Amino acid sequence: MELTIKNTVYQFKAGFGFLREANKRAQADVPGTKQKQDIGLKFLVAGLIDGSAEALLDALDLLNLGMEPRVSKEDLEEYLEDPKTSIDELFKTVLDFLSKSNITRREVTNFMAEVEKKAKEDAEKVTKNP
């Protein structure tokens, strides 16, 4: 994925570096053990689905890790704040990118399917019990 920010083209990659850094951001207990599992990617994707501008900023920052040139967080913030930036399209682009990358595809598409299933179940409950 590429974005042009302040006349500079930046590359974004959903590789292992991105995955490790994203997952470090949240942990959950593994039932029946004393261990924890890193689950930050799920929280990041949930934020993107919910339309969180902070999640979008974090995702772009993490996706650009290890890339040259490296975009600054300040430039990303300005890019997202710019009225010329279609933030709704950017949310779609990032989610689509994560759902197609070899490293994140399965986890992201499975999580998005779970979210969609839960939304349908909730909608059916509301329809049955108005």
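**Reading a predicted fold, feature by feature**

Student: How many bridges join strand E1 to strand E2, and in what direction do the two run?

Tutor: Two strands pair if DSSP finds at least two bridges between them. Here strand E1 (residues 2–5) and strand E2 (residues 8–11) are joined by four bridges and run antiparallel. Leucine 3, for instance, has tyrosine 10 of E2 as its bridge partner. A word on the names: helices (H or I, at least four residues) and strands (E, at least two) are DSSP runs, numbered from the N terminus.

Student: Before we go on, what kind of model is this?

Tutor: It is a predicted model, in which local features need pLDDT of at least 70 and side-chain atom pairs count only at pLDDT 80 or more, while totals for chains, interfaces and linings use all residues. Residues are numbered from 1 along each chain as its sequence is written, and side-chain values use heavy atoms, with hydrogens and water left out.

Student: Back to the hairpin, then. What should I look at in the turn between E1 and E2?

Tutor: Look at phi. Two residues lie between the strands of this hairpin. Lysine 6, in the loop between E1 and E2, has phi near 55°, a positive value in a residue other than glycine. Asparagine 7 is in that loop too, with a positive phi near 65°.

Student: Is asparagine 7 buried or exposed?

Tutor: Buried means under 20% relative accessible area, exposed over 50%, and partly exposed in between (1.4 Å probe, protein chains only). Asparagine 7 has 79% relative accessibility, so it counts as exposed. Across the protein, 35% of the 130 residues count as buried.

Student: What is the overall layout of helices and strands?

Tutor: The protein has six helices and four strands, and along the sequence they follow the pattern β-β-α-β-β-α-α-α-α-α. Along the principal axes, the C-alpha atoms fill a box of roughly 50 × 40 × 25 Å.

Student: How do I describe the way helix H1 crosses helix H3?

Tutor: Axes are lines fitted to C-alpha atoms, for helices over the stretch in contact, and angles run from 0 to 180 degrees between N-to-C directions. The axes of H1 (residues 16–23) and H3 (residues 53–63) come within 9 Å and cross at roughly 140°. That makes H1 oblique to H3, because angles under 35 degrees count as roughly parallel, over 145 as roughly antiparallel, 65 to 115 as roughly perpendicular and the rest as oblique.

Student: Which residues of H1 and H3 meet?

Tutor: Contact means heavy atoms within 4.5 Å. From H1 come Phe18, Glu21 and Ala22, which meet Ala59, Leu62 and Leu63 in H3. These residues divide into five nonpolar, no polar and one charged. (Ala, Val, Leu, Ile, Met, Phe, Trp, Tyr, Cys and Pro count as nonpolar, Asp, Glu, Lys and Arg as charged, and the others, Gly among them, as polar.)

Student: Why is H3 described as largely enclosed?

Tutor: Eight of its eleven residues are buried, so H3 is largely enclosed by the rest of the structure. Among the buried residues of H3 are Leu56, Leu57 and Asp61. The buried residues of H3 pack against E1, E2, H1, H2, H4 and H5.

Student: Which residues of the largest nonpolar core touch the most other members?

Tutor: In soluble globular proteins, nonpolar side chains tend to be buried together. A nonpolar core is a set of buried Ala, Val, Leu, Ile, Met, Phe, Trp, Tyr and Cys residues joined through side-chain atoms within 4.5 Å. Of the 32 residues in the largest one, Phe18, Leu48, Leu60, Leu63, Val94 and Leu98 touch the most other members. H3 gives the most to this core, with seven residues. Leucine 60 touches Met1, Leu3, Phe12, Leu76, Leu80, Leu90 and Val94, leaving aside residues up to four places away in sequence.

Student: Where is threonine 104, and is threonine 104 buried or exposed?

Tutor: Threonine 104 is in the loop between H5 and H6, and it counts as buried at 0% relative accessibility. Not counting residues up to four places away in sequence, threonine 104 touches Ala14, Phe18, Leu41 and Leu98.

Student: And what about the peptide bond from glutamate 68 to proline 69?

Tutor: Check omega: it is near 0° for this bond, which is cis. Proline 69 itself lies in the loop between H3 and H4.
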